[in-house]
Amino acid sequence: MKPSVIFIVWLSCISKAFPADIFMVTMGGTKSHKIPFWELAKGLISRGHNITFLSGFPSDFHMNGLHEVTPAGLVEYIQNYTNWDLLGARMSGQMPISFWDGLRYAFQSCDAMLDDAETQTLLNRNFDLAILDGAFPECSLGLVHQYKIPFMYINTVGFYTGSIAKSGNPGSYAITPNFYTSFTDNMNLFERALNTGVQIFATLMHKTHQFIAWDDLKFLTPILEGYVYDRK
């Protein structure tokens, strides 16, 4: 047997012999954010790992090895927040959501999640790794700081280039339409320039709401400076 095959078999055995407690979090406001985490959880559970998954959507089914945490405050906030036809707005050439709705979701959903008793109980748990949604990860990074564990991102929104872009995910304004616009990848020169302007404005507003508007979440400021803006 080739040494490379032996090494792969050995790694497979080791991964099952030392299971990890993994903490997954998505703060996404639509249920589609959960789907990639479900599939990832299935693969990790089959390798012997234990998964705790926090989201704002009630559990749909039981999966051995998966513990879903759905803070009631976050669930209620999302149900009252996302009542739009995002696809219909984009197809009709309108902005899917307003800038203000996009900005307020990040800090209001964080507030709803952190204030919930179920989330407070989680703070006493120990985990080995966190896997965060690249969309609206700021609040999740506060939990990572609490646990003092390594983390990684997965991007559940193809057109979202906020915090995850600052951590190394490429976002080309010339070919990637901003989430807040109705553009597609088939943009003329003027639309590409306008798309770039919207992206720059959205980036400035994104940073502003993190470090100025979060009056009741000021403890996150040094955490975000270290985890979001200083990592490449």
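Rings of Phe, Tyr and Trp (its six-membered ring) count as a pair when their centres lie within 6.5 Å; planes under 30 degrees apart are stacked, over 60 edge-to-face, and the rest tilted. This is a predicted model, so to speak of local features takes pLDDT of at least 70, and side-chain atom pairs count only at pLDDT 80 or more, while totals for chains, interfaces and linings use all residues. Numbering starts from 1 along each chain as its sequence is written, and side-chain values use heavy atoms, leaving out hydrogens and water.

**Aromatic pairs**

The structure holds five aromatic pairs. Start by selecting Phe37 and Phe53: their rings are stacked, 5.2 Å centre to centre with 20° between the planes. This pair links distant parts of the chain, with Phe37 in helix 2 and Phe53 in strand 2 (residues 50-54), 16 residues apart. Helices (H or I, at least four residues) and strands (E, at least two) are DSSP runs, numbered from the N terminus. Phe37 is buried at a relative accessible area of 0%, and Phe53 is buried at 1%. Buried here means under 20% relative accessible area, exposed means over 50%, and partly exposed is in between (1.4 Å probe, protein chains only).

Next, pick Phe151 and Tyr153. Their ring centres are 5.5 Å apart and the planes sit at 70°, so this pair is edge-to-face. Both Phe151 and Tyr153 are buried. Then select Phe23, Phe127 and Tyr147, which ring pairs link into a cluster.

**Helix 7**

How many of the ten residues in helix 7 are buried? Eight of them are, and the helix is mostly covered. Step on to Lys148, which follows helix 7 and has a positive phi near 60°.

**His33**

Now jump to His33, in the loop between strand 1 (21-25) and helix 2 (34-46). Is His33 buried or exposed? It counts as buried, because its relative accessibility is 6%. Its side chain makes a polar contact with the side chain of Asp133 at 2.8 Å. (A polar contact is a pair of N or O atoms within 3.5 Å; within protein, one must be able to donate a hydrogen and the other to accept it, and residues adjacent in sequence count only if both atoms are side-chain atoms.)

**Last stop**

Finish on Ile200 in helix 9 (residues 189-211). At 43% relative accessibility, Ile200 counts as partly exposed.
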